[in-house]
Amino acid sequence: MQLGARLIPLFPLALSIVGIVLAALCLFAGHEKGFMENYDIVRLNTSMVGQNVLLNVGDDKSKEDDKDDDDDDGDDDDDEGIFGKIKGKFDDAKDDAKDKIDELKDDAKDKINDIANGVAGDLAEALGISDWYSVHIQAACEGKYEPNATEPSPSLNITNCTTSSPTYKLNFTDILDKQLDLGPLDFNLADLNYPDEIQEKLDIINDLLLGLFIVYVLGMGFSGLAVIGSLAAIFLAHSRLVVLFNFSVSGLAALSMTIGSIIVTIAGTKGVNQLNKVAEDFGIVASRGKNFLIISWVSAAVMIVAALFWTVRFCFVFKERRAAKRSHRKSSI
């Protein structure tokens, strides 16, 4: 019986170890190139930006074609006199030449549309930008979709990550502008009609990062204390002070991880939705990181269970102490 009481704290010990590991993964995911890249908070898909550019080019050519047709119609007025008779001899040749020119224009426009609809990832590369940009708590990464952006489940080829820092904020406008400037097509954000609201909405997510860093650090710290307390409880199974300590640190760890999970779920979702409203027409689609949410909520759940265990354990120890005191009083009488 005594051995069983000593082994009981192994259960919350295991939970606390899981909690501290998951909290650490939330905190350090993406802090260096290739480390848990799939566990991002938000990912920006920019592979369609180049497609919108070419579609605009295709529309411009259509307008030019319509303008040319209008100009040609203006030339159909009949001239009178000998010059009109001379002109009539060349009408057939002119019409044939115009038809050939129209065919060439249509072919060119069709090719533009085909490129725009088929190889969006290649267009993003031609512009000099990455296919995707990811936001983590302490850093951001970027890269290409493999084999291309049109695949249903492409893999992530990471090309670059920023330096890890607790105060990191993604200045997406600055990054995109620099990459376009260095790109081979010599575009800038003004040429692409880039909405300033994109960075404003992205700052909603940026403002969460430092707060998330703090709560996950607290979650790690309190989970670590819960591990130490659980180890102490193996040798001091009936100590109310040890049990109360474990209940406190487990509860604080659970509270920290739950707050972090709520922030990512609610505020992160709000930021992504507002970002998509202003960025989708530009060719950018933001998505929330599901894997990050999973490990965040699991870490909160295991520490909640650990806190509940120590709550129940404290009640049992308290009753045992009261029963022992009553028994001692009766024996004294």
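Biologist: How many salt bridges are counted in this structure?
Modeller: This is a predicted model, in which local features need pLDDT of at least 70 and side-chain atom pairs count only at pLDDT 80 or more, while totals for chains, interfaces and linings use all residues. Residues are numbered from 1 along each chain as its sequence is written, and side-chain values use heavy atoms, with hydrogens and water left out. A salt bridge is a side-chain nitrogen of Lys or Arg within 4 Å of a carboxyl oxygen of Asp or Glu, and by this rule the count of salt bridges comes to four.

Biologist: What is the relative accessible area of Arg43, and is the residue buried or exposed?
Modeller: Arg43 pairs with Glu37, their closest N and O atoms lying 3.2 Å apart, and its side chain also meets that of Asp40 at 2.6 Å, N to O. Buried means under 20% relative accessible area, exposed over 50%, and partly exposed in between, with a 1.4 Å probe and protein chains only. Asp40 is buried at 5%, and Glu37 is buried as well. Arg43 itself counts as buried because its relative accessible area is 9%.

Biologist: In which helix do Asp174 and Lys178 lie?
Modeller: The side chains of these two residues, Asp174 and Lys178, form a salt bridge at 3.3 Å, N to O, and Asp174 is partly exposed, with a relative accessible area of 34%. Salt bridges that share partners join a separate set, Glu37, Asp40 and Arg43, into one network. Helices (H or I, at least four residues) and strands (E, at least two) are DSSP runs, numbered from the N terminus. Asp174 and Lys178 are four residues apart, about one turn of the helix, and both belong to residues 172–182, which form helix α7.

Biologist: On which residue is the kink in α8 centred?
Modeller: Helix α8 (residues 197–235) has 39 residues and reaches 59 Å from its first C-alpha to its last, close to the expected 57 Å, where the expected span is 1.5 Å times one less than the number of residues. The bend at a residue is the angle between axes fitted to the seven residues ending there and the seven starting there. In α8 there is a kink of about 30°, and it is centred on Asp203.

Biologist: How much accessible area does the nonpolar patch of Leu210, Ile214 and Leu218 have together?
Modeller: Patches are made of residues with over 30% relative accessible area and no salt bridge, like charges being joined within 9 Å and nonpolar side chains (Val, Leu, Ile, Met, Phe, Trp, Tyr) within 5 Å. Accessible areas come from the Shrake-Rupley method with a 1.4 Å probe, and for residues only the protein chains shown count as cover. Leu218, found in helix α8, counts as partly exposed because its relative accessibility is 38%. Together with Leu210 and Ile214 it forms this surface patch, whose accessible area is about 250 Å².

Biologist: Which glycine follows α2?
Modeller: At 1.5 Å a residue, the 19 residues of helix α2 (residues 10–28) should span 27 Å, and the end C-alpha atoms are 27 Å apart, so the two values agree. Among the buried residues of α2 are Leu13, Leu22 and Cys26, and Cys26 has a relative accessible area of 1%. The residue that follows α2, with a positive phi near 75°, is Gly30.

Biologist: What is the phi of Met36?
Modeller: Met36 sits in the loop between α2 and β1 (42–45) and is buried, with a relative accessible area of 17%. Most residues other than glycine have a negative phi. Met36, a residue other than glycine, has a positive phi, near 50°.

Biologist: How far is Ala279 from Ile198, C-alpha to C-alpha?
Modeller: Ala279 lies in helix α9 (residues 240–279) and counts as buried because its relative accessibility is 0%. Ala279 and Ile198 are 81 residues apart along the chain, and their C-alpha atoms are separated by 5.9 Å.
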